[in-house]
Every structure is written in C-alpha cells, then in structure tokens.
Amino acid sequence: MAKEELVKMLNQALELEHQAMIQYLSHAELVDGLNAEPIIERLKEIADDERKHAELFRELIGGYLGGVPSMGIAEAHPAKTLKEILETNLADEKQAVDFYTEILDKIKDMKDELKYEYFQLEHTLRHIVQDEQEHISEIKVLLGL
C-alpha cells in the first residue's frame, strides 16, 4: 500500500517534469531583446535537465517500484514578459523542491520496506532536488535577486 502511494507521488513528480520541460521550451521562444540569446540558451538547457529528470522518474517508477509511469502533464503556467517567465519558473522550481523533499521524506520513512530499492531512490531524488535548487539559483541571478 505504501509503495502504491510512493508510485503516485513519483508520477505527480513525473507530470511536473513533463510540464516543466514543455514550459521552458515554450517560454524560450518568447524571449527577445539585446541579451536574449544567453537566456534562451539557458532556458533550453534547463528544459533538457527536466527531460532527464522525467527519464529518471520513469525508471524509478517502472524499473524499481513496478509501477506504470504517467503520460500526463501538470498544469502549465503561461507568461509573456521575461520577468513573468522567470518569476513563473522560479515559483515552479520552488514547488518542485518542496514536493520532491516530501517524496524524499516518504522514501526515508519507508527505508525498511524498500530494502532493495532505498539507496537508488534516495540517491536519485536527492540529485534531482540539487538540480532544481541550481535552477532556482540561476533564475534568481537572472532576476537580480
């Protein structure tokens, strides 16, 4: 039962990653102006990070927990100006870190149940959280925070 709940949480995370990848790519197409190129490039790089996170979540769900990876997508957040794009994605990254930290706590609580999966689950989630925290830091720099 607890594994099913963990699979459900990981599928929600997978849907967030699907949304983030598409959102970053779409937002990158809206950036223009004098310094647009490096910002566009960074948004596309972050989109690729999100794609890799989705792959990792699918592997954890299907390969380690025997679940079925979701093909759904979380709700996207449109934005028009560069400031809106960055603020929207900053909020989404913070939401991801908070939720993935909840998943990490759940994994730690299930350590005994996950005897043969625990270290891979914990390691992978921790690294995804670190990537998301890096995205937060980079977006804050672009926003001048």
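Me: How are residues numbered, and which pLDDT does a local feature need?
Reply: Residues count from 1 along each chain as its sequence is written, and side-chain values use heavy atoms, with hydrogens and water left out. The model is predicted: side-chain atom pairs count only at pLDDT 80 or more, totals for chains, interfaces and linings use all residues, and local features need pLDDT of at least 70.

Me: At what angle do the axes of helix H1 and helix H4 cross?
Reply: Helices are DSSP runs of H or I with at least four residues, numbered from the N terminus. Axes are lines fitted to C-alpha atoms over the stretch in contact, with angles from 0 to 180 degrees between N-to-C directions. H1 spans residues 2-28 and H4 residues 118-143; their axes come within 14 Å and cross at roughly 30 degrees.

Me: Which residues of H4 make the contact with H1?
Reply: Contact means heavy atoms within 4.5 Å. H1 brings Leu-6, Leu-10, Glu-17 and Tyr-24. From H4 come Leu-121, Leu-125, Glu-132 and Ile-139.

Me: How many residues of each class does the contact of H1 with H4 have?
Reply: Ala, Val, Leu, Ile, Met, Phe, Trp, Tyr, Cys and Pro count as nonpolar; Asp, Glu, Lys and Arg count as charged; the others, Gly among them, are polar. By these classes, the contact has 6 nonpolar, no polar and 2 charged residues.

Me: What does H2 reach from its first C-alpha to its last?
Reply: Helix H2 covers residues 36-64, which is 29 residues. The expected span is 1.5 Å times one less than the number of residues.

Me: Which residue with positive phi follows H2?
Reply: The phi of this residue is near 70 degrees. The residue is Gly-66.

Me: Is Glu-117 buried or exposed?
Reply: Buried means under 20% relative accessible area, exposed over 50%, and partly exposed in between (1.4 Å probe, protein chains only). Lys-3 has 30% and is partly exposed. Glu-117 has 13%, so it counts as buried.

Me: Which residues are linked with Arg-42 in a network of salt bridges?
Reply: Arg-42 bridges Glu-45 at 2.7 Å between the closest N and O atoms. The two are 3 residues apart in H2, about one helical turn. Arg-42 also meets Glu-138 at 2.4 Å, N to O. The network links Arg-42 with Glu-45, Asp-49 and Glu-138.

Me: How many salt bridges does the structure hold?
Reply: Arg-42 with Glu-45 is one of them. The structure holds 11.

Me: Which residues is Gln-23 in contact with, leaving aside neighbours within four places in sequence?
Reply: Gln-23 has its place in helix H1. At 3% relative accessibility, Gln-23 counts as buried. Its contacts are Ala-76, His-77, Thr-88, Asn-89 and Asp-92.

Conventions
Salt bridge = Lys/Arg side-chain N within 4 Å of Asp/Glu carboxyl O.
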